[in-house]
Amino acid sequence: MTVDLVARCQAGDVEAFETLYRQYSARIYTLASRMAGSAEDGEDLLQEIFLQAYRKLGSFNGDSALGTWLYRLALNHCLDYVRSRQAKMNKLTETLDAETSFRPTARRETPIARLDLERAVERLPEGCREAFVLHDVEGFGHKEVADLLGIAEGTSKSQVFKARLKLRAFLRGT
Amino acid sequence: MRLTAPFVIAGLAMVAWPALAQDNDHRIVLRDLVRTLRSGAYQGRNTGPEQTERFSRKLKIGRDGRFSLANIAGDIVITGGPGDEISIEAVKRTRGDKSELARVQITVDEHPGRVDVRTEGEQNRTDRNRRMDHVSVDYTVTVPASVVVDVRSVSGSVKVTGVHGALRAETVSGNVTTADTPRLETARTVSGDVSITGAAADGDLTAASVSGNVTAKGLKARGLDLGSVSGDIIVSDVTCERLGAKSVSGNVEYAGAIVKTGRYEINSHSGTVRLLLASPAGFELNANSFSGSIRSELPLTIGGDAARRDGNTSRGRRDAANSHSMRATFGDGSATLVVRTFSGDIIIAKR
Amino acid sequence: MHPNDTTLNDYVDGSLGTIEQSSVDQHLATCASCQQIVADLRDILRTAGELVLREPPIRSWSRLERAITMEPAVRRQTTGASSSPAEAGRYGSYRTWLAAAAALVLATAVGIRYMPLGRSDAPSTSSGGAAAAITADATAQSVESELRQAEGHYENAIRGLEAIANSERSELDPRTAATLQKNLAVIDQAISESRAAVRSQPASDPAQQSLIEGFKNKIGLLQDTVALINEMRKGNEAGAARIASGLKQKGT
């Protein structure tokens, strides 16, 4: 069924492409929102990613599963976006980091709610947010994260750890 | 603001009217035809009695069939019913010369499982001033209820009832009205109202106008996306898990359900946003306005998670509830309400 | 002697060597605060692994579909009228127009999410007045410059779309063109109010949000206008092509 779907997409069948979109959009949107740190940017990225997929489907040769191919395309796009923005925002973000003050969202006895964690992840500074999302949410290993982000494996680890501790501070107030 | 355009965009080709015929003879003929039509167009328009011509066609189509109708000027009524036949009745009308009617054609393309109907006429091409009300075609169509329908018009209203297959209904200047269309996906117009009742059981629905109102009533849908620029958005007796309702200068009123873990986002620049809630599920409210006021009749716990996060700093307390900003929780806070205006008021009331 | 943060994280990941791990185990047996850290980290990891998929906004598909139908590169099959046989090849300049329009359709200023610098900046009132003033100053300045940058990006996209809309607007009938123009004016009014608000209160989140919202609305309406023009043009050309072929057949 997927083979037929891909062929139809490659032939420019918009309905087939819509089926593809319906199947994968949540996954891609979720990844993009988390990597970018906001739902609005996630939405814009989602558009760009699928448009890119539409254009590049012609070169999809079935080496990997379609979902994997799409995910990779999405991930690369998100990383490009984050990197280009990071260059601009670096200075300001670091200054802000020190200033923010917050109180815990949940008392110690209660487990962390998913929504609270999502919001806290959005507040992570760039650099450690992507590492955290890729490693602890998406499940990539440190070596893979390092490859994807273009950093050393040790840096991936320290960024992930830094993210966890920041999240802990956001959520538990310590 | 006037759209002045002294801009040159690199790489943007200014489109010249494409040559229709490579052959010189044909080009000359076409040019003359254009001249004739243009001059003819100024005579007898809208002054004579109405001339009409009827068109009638029945076609068989499977229950999974697809039907599309593209009209230019004229009203469209599509009704879903039993059976496996599409029945098309059309009336061409003009107040000009009766010969005008022949220039407009109703084309029916039949394929296995698919029927495409189009109104075509030379006025499409030559009449650059778009005097589309010159000849109009009104359609009355019945289709088997389960057929997928795609109906578009330019100047004229679209009304669809009882079509249970996937449905798109669009026009440019005219109203769009749908009823009992559980798989309505899109209903759009530019200058006209959109009115939807009894639609979209599991799916997502987009309804939009630019200058007209969007009214959604008696629906159950998974996601609703309703928008207008200067018109109002009015939602009543509706259950949905996700809502995006937005206007710029119009009001937005939501008198629907709030379901557990639902997400409702409402936005207007200068219009009033009114939420009329009757025993809603618990929600977390995040309401913000630049200069509009915010008030609630429902018993809300000011603060809640969001405020606790930004804490007991003076800013946190100030933000949690001041006249232009409110973060509050109702009940178990499971749903999310995000309401934003610039100068419009935000009112949360009991229904 | 407490294990450091890195060690505790490694512990939670199960990537410590056997000896180190048992040494941490022993420490945890008697240290409540380190226990708490470990519990919190585990909590975070578990929840991170349980995060659910989020559905994109409903409008996303229709925006995308519009962008796709303006893609010239791929042969498209739509559910509506069959594509004009004349479409391929003959309308070179039209294709260039389409390509430019498609590029701008998604010009919704990605990456221009306005960082609400004014929002989380407020230091607690107990910090020194001077420090607070300096921070406020720097914040106001950076807000201004961020604003200008964001506006610049949006305005480029808007100008591009306006140029297309204006040059091709004769495709639309005067009434529709007038409605679109009038509503663009409504949005422009909203933008100018928002802009004034941001200038007067740079730290105000509602002001910032409404300005960005205004830009997005404007781009959205311009995109709709361009898409509409595109459809009209297609309708025209389909009709025109039929006429041309009809004439040829009649041999006039």
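1. A quick definition before we start: a residue counts as buried if 20 or more other C-beta atoms lie within 10 Å of its own, and as exposed if 12 or fewer do, with partly exposed in between. Keep in mind that this is a predicted model.

2. With that in hand, look at helix H4 of chain C, residues 59-69. Its buried residues are Ser60(C), Trp61(C), Arg63(C), Leu64(C), Ala67(C) and Ile68(C). If you look down the axis of H4(C), these buried residues fall within an arc of 165°, so they line one face of the helix.

3. What does H4(C) pack against? One partner is helix H2 of chain A, residues 14-36. Packed helices are described by the angle between their axes and the distance between the axes. Here the angle is about 145° and the axes are 11 Å apart. The crossing of H2(A) and H4(C) is right-handed.

4. Now for the residues at that crossing. From H2(A) come Val14(A), Phe17(A), Glu18(A), Tyr21(A) and Ser25(A). They meet Ser60(C), Trp61(C), Leu64(C), Glu65(C), Ile68(C) and Thr69(C) of H4(C). Sorted by class, the contact has 6 nonpolar, 3 polar and 2 charged residues. Several names here also turned up in point 2: Ser60(C), Trp61(C), Leu64(C) and Ile68(C) are buried.

5. Among the contacts in chain A with a separation of 6 or more, 60% are between residues 24 or more positions apart.

6. Is Leu66(A) buried, exposed or partly exposed? It has 19 other C-beta atoms within 10 Å, and buried would take 20 or more, so Leu66(A) is partly exposed. Its C-alpha atom is separated by 9.9 Å from that of Tyr24(A), which is 42 residues away along the chain.

7. Chain B is the place to look for strands. Which strands pair with S26(B), residues 346-350? Strand S19(B), residues 273-277, pairs with S26(B) in the parallel sense over 5 bridges, and Leu277(B) stands opposite Lys350(B). Strand S21(B), residues 294-296, also runs parallel to S26(B), joined to it by 3 bridges. In that pairing, Ile294(B) stands opposite Ile346(B).

Definitions and conventions
Residues are numbered from 1 along each chain as its sequence is written. Chains are lettered from A and ligands numbered from 1 in the order in which they are written. This is a predicted model: local features need pLDDT of at least 70, side-chain atom pairs count only at pLDDT 80 or more; totals for chains, interfaces and linings use all residues. Helices (H or I, at least four residues) and strands (E, at least two) are DSSP runs, numbered from the N terminus. The arc is that of the directions from the helix axis to the C-beta atoms. Two strands pair if DSSP finds at least two bridges between them. Two residues are in contact if their C-beta atoms, placed from the backbone, lie within 7 Å. Axes are lines fitted to C-alpha atoms, for helices over the stretch in contact, and angles run from 0 to 180 degrees between N-to-C directions. A crossing is left-handed if the near helix is turned anticlockwise from the far one by less than a right angle, and right-handed if clockwise. Ala, Val, Leu, Ile, Met, Phe, Trp, Tyr, Cys and Pro count as nonpolar, Asp, Glu, Lys and Arg as charged, and the others, Gly among them, as polar.
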